[in-house]
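This briefing goes through selected features of one protein model, grouped by topic. It is meant to be read beside the sequence and the coordinates.

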Amino acid sequence: MKRIGLMGCGTVANYGHLPTILETPGLQLAALFDPDAGRLRAAQEKFGIADGYTDAEAFLASGLDAVTITSPAPCHIGNVRDALRHGKDILCEKPLGMDEAECAEMADLARAAGKMLFTGFDYRFSPASLKIRELIRAGAIGEARSLRLIYIWNNHGKYQRDAAGNLVLNERRVGRMLEGGPMVDCGVHQIDLARFWLGSEVTGWQAAGAWLDAYDAPDHMYLHMDHASGAHTMVEISYSYCYTAKEPINQFVYELIGTEGVIRYDRNAKLFEMRTAAGTTVMPFSPEKNFAGMYQAFADALETGSSDTLPTAEDGLVAARISRSATDTLIAKHREGAPR
Ligand SMILES: NC(=O)c1ccc[n+]([C@@H]2O[C@H](COP(=O)([O-])OP(=O)(O)OC[C@H]3O[C@@H](n4cnc5c(N)ncnc54)[C@H](O)[C@@H]3O)[C@@H](O)[C@H]2O)c1
C-alpha cells in the first residue's frame with residue numbers, strides 16, 4: 001500500500017483526485033496539505049482524513065511515498081521543488097508549469113533526484129481516448145491525417161454572486177485568464193491527446209485568436225499543429241462561448257479524419273462512432289475525464305517504478321511550450337495593435 005499525500009484541497013481535488021485516491025487499490029490517502037486552513041479542514045472532514053497540514057515541510061516529513069499536486073498552476077513549481085527535496089514521486093496537475101522553463105526545471109530536478117514526475121493529463125485515460133489510440137494504431141481509419149479537437153465553453157460564466165448576493169466578476173475565470181488563458185489551461189489536454197493518439201511529435205505550430213472580453217490572453221483561440229507523420233491537428237478552445245448567456249451551451253468534440261475513415265466523438269450528443277467503407281461502428285460512449293484510470297496507472301507506476309501510459313514531465317513540457325508560445329505570440333501582436 002503506497003501512502004499518498006495531496007497538495008491543494010480545492011475544486012479538482014474535491015471532485016476528482018480525493019474520491020479517486022480513496023477508491024484506488026494499492027493507494028492509501030495518508031495526508032492533506034493546503035495553506036488555507038479552512039479548505040484543509042473542509043477536505044479532511046469530507047474525506048475523513050485525520051492527518052492535515054498547513055505547513056508543507058511537516059506534511060512532506062509525514063512518511064509519504066508519493067504526492068499528488070492539485071494547487072493552482074503558479075504554485076506547481078514550488079510544490080514540485082519541495083516534494084523532490086523530500087524524495088517523493090509526483091503526479092502533478094496540468095499545466096505542469098507556467099512556461100517551458102518551469103517545466104524544464106521540474107523535469108531536471110526529478111531526473112537528478114531519481115524520482116518519477118508525471119503530468120495529470122487525465123483525458124488520456126478515458127476509455128474513448130484509449131479506444132481512439134488503439135484504432136489509430138491498428139490503421140482502422142487508414143492514416144490519420146487531420147484532427148479537429150474542439151472545446152468551447154464559458155468557464156463558469158462571466159459573473160457569479162458574492163456572499164451578499166451581488167453580481168460580481170467570476171474570479172475563477174479571471175484567474176484562469178491571468179494564468180495564460182484557455183489554451184494554456186485547457187488546450188494542453190488536447191495538445192497532449194493529439195501526440196498520444198498519433199504517436200507523432202509536433203514539428204511546428206501557428207495560432208490565431210479572438211478577444212470576446214478584455215484580457216491579455218485571447219479568450220477564444222485556435223492552434224494549428226503539424227506532426228512529423230504529416231498529420232495536422234486543429235485545436236479550438238474558448239472560455240467565452242456563451243459567457244454572458246442565461247442559458248449557456250458548450251461544444252466538446254474530437255474528430256479524427258483518416259485516409260480510410262473518420263472517428264467522431266461528441267460529449268453533448270454522447271456520440272462515439274467510426275465511419276469507414278465497411279459501414280458505421282457505434283462504440284460505447286464514455287466521458288472525457290478519467291481520474292480512476294490515471295490513478296490505477298499511478299499505483300502501478302509506484303509499484304513497478306515506471307509507466308507506459310502516464311504522461312511524463314516531458315509531455316507536460318511540450319504541451320506548456322506549445323500552448324504558452326502560441327498564446328504569447330498572439331498577445332504580442334495584440335499589444336502592437338495588429339489586427340486581431
Ligand atoms: N485535469 C482536470 O480535469 C482539471 C480540472 C480542473 C482543474 N485542473 C487543474 O488543477 C489545478 C487546481 O485547480 P482547481 O480548480 O482545483 O483550483 P482551486 O483554486 O479550486 O484549488 C486550489 C487549492 O490549492 C490551494 N493552494 C494555494 N496555494 C497553494 C500552494 N502553494 N500549495 C498547495 N496548495 C495551494 C488553495 O488554497 C486551494 O484549496 C490547476 O492546475 C488546474 O489547471 C485540472
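**Briefing: rings, strands, backbone and charges**

Ring pairs join Tyr123, Tyr151, Trp153, Trp197, Tyr239, Phe252, Tyr254, Tyr265, Phe272 and Phe285 into one cluster. The model is predicted. The points below cover aromatic pairs, strand pairing, backbone geometry, a surface patch and salt bridges.

**Aromatic pairs**

- The count of aromatic pairs comes to 15.
- One of them is formed by tyrosine 15 and phenylalanine 291, with an edge-to-face arrangement, 6.1 Å from centre to centre and 80° between the planes.
- Because tyrosine 15 belongs to helix H1 (residues 11-23) and phenylalanine 291 to helix H9 (residues 291-304), this pair ties together parts that lie 276 residues apart in sequence.
- Tyrosine 15 is partly exposed at 44% relative accessibility, while phenylalanine 291 is buried with a relative accessible area of 9%.
- Phenylalanine 252 and tyrosine 265 also make an edge-to-face aromatic pair, at 6.2 Å centre to centre and 70° between the planes.
- Here phenylalanine 252 comes from strand E13 and tyrosine 265 from strand E14 (residues 261-266), 13 residues apart.

**Strand pairing**

- Eight bridges pair strand E10 (residues 202-210) with strand E11 (residues 220-227) in the antiparallel sense.
- In this pairing, alanine 207 is opposite leucine 223 of E11.
- E11 also runs antiparallel to strand E12 (residues 232-238), and seven bridges join these two strands.
- Aspartate 226 is placed opposite histidine 232 of E12.
- A hairpin is formed by E11 and E12, with four residues between the strands.
- Glycine 230, in the turn of that hairpin, has a positive phi of about 100°.

**Backbone geometry**

- Most residues other than glycine have a negative phi, and most peptide bonds are trans.
- The peptide bond between lysine 94 and proline 95 is cis, with omega at about -15°.
- Proline 95 sits in the loop that lies between strand E5 (89-92) and helix H5 (100-113).
- Histidine 156, a residue other than glycine, has a positive phi near 70°.
- The loop between strand E7 (144-152) and strand E8 (159-161) holds histidine 156.
- With a relative accessible area of 45%, histidine 156 is partly exposed.
- Cysteine 242 likewise has a positive phi, near 65°, and lies in the loop between E12 and strand E13 (251-258).
- Cysteine 242 counts as partly exposed at 24% relative accessibility.

**Nonpolar surface patch**

- A nonpolar patch on the surface consists of Tyr159, Leu167 and Leu169, which together have about 310 Å² of accessible area.
- Tyrosine 159 is part of strand E8.
- Its relative accessibility is 43%, so tyrosine 159 counts as partly exposed.

**Salt bridges**

- Side chains of opposite charge can pair when their charged atoms come close.
- The count of salt bridges comes to 22.
- Among them, arginine 145 and glutamate 143 meet through their side chains at 2.7 Å, N to O.
- Arginine 145 is partly exposed with a relative accessible area of 39%, and glutamate 143 is partly exposed with a value of 46%.
- Another salt bridge joins the side chains of arginine 195 and aspartate 315 at 3.1 Å, N to O.
- This pair links distant parts of the chain, 120 residues apart: arginine 195 is in helix H8 (residues 182-198) and aspartate 315 in helix H10 (residues 313-335).
- Is this pair of side chains buried or exposed? Arginine 195 counts as buried at 12% relative accessibility, and aspartate 315 counts as buried at 12%.
- Arginine 195 and aspartate 315 belong to a network of salt bridges that also includes Arg124, Asp192 and Glu201.
- Arginine 264 and glutamate 255 form a salt bridge in which the closest N and O atoms are 3.8 Å apart.
- In this pair arginine 264 is partly exposed, with a relative accessible area of 30%, whereas glutamate 255 counts as buried at 17% relative accessibility.

Terms used:
Residues numbered from 1 in each chain as written. Heavy atoms only, no water. Pairing = 2+ DSSP bridges. Buried < 20%, exposed > 50% of the residue type's maximum accessible area, 1.4 Å probe, protein only. Phe/Tyr/Trp six-rings, centres within 6.5 Å; stacked < 30°, edge-to-face > 60°. Patch = residues over 30% accessible without salt bridge, like charges linked within 9 Å, V, L, I, M, F, W, Y side chains within 5 Å. Areas by Shrake-Rupley, 256 points an atom, 1.4 Å probe, with all protein chains shown as cover. Salt bridge = Lys/Arg side-chain N within 4 Å of Asp/Glu carboxyl O.
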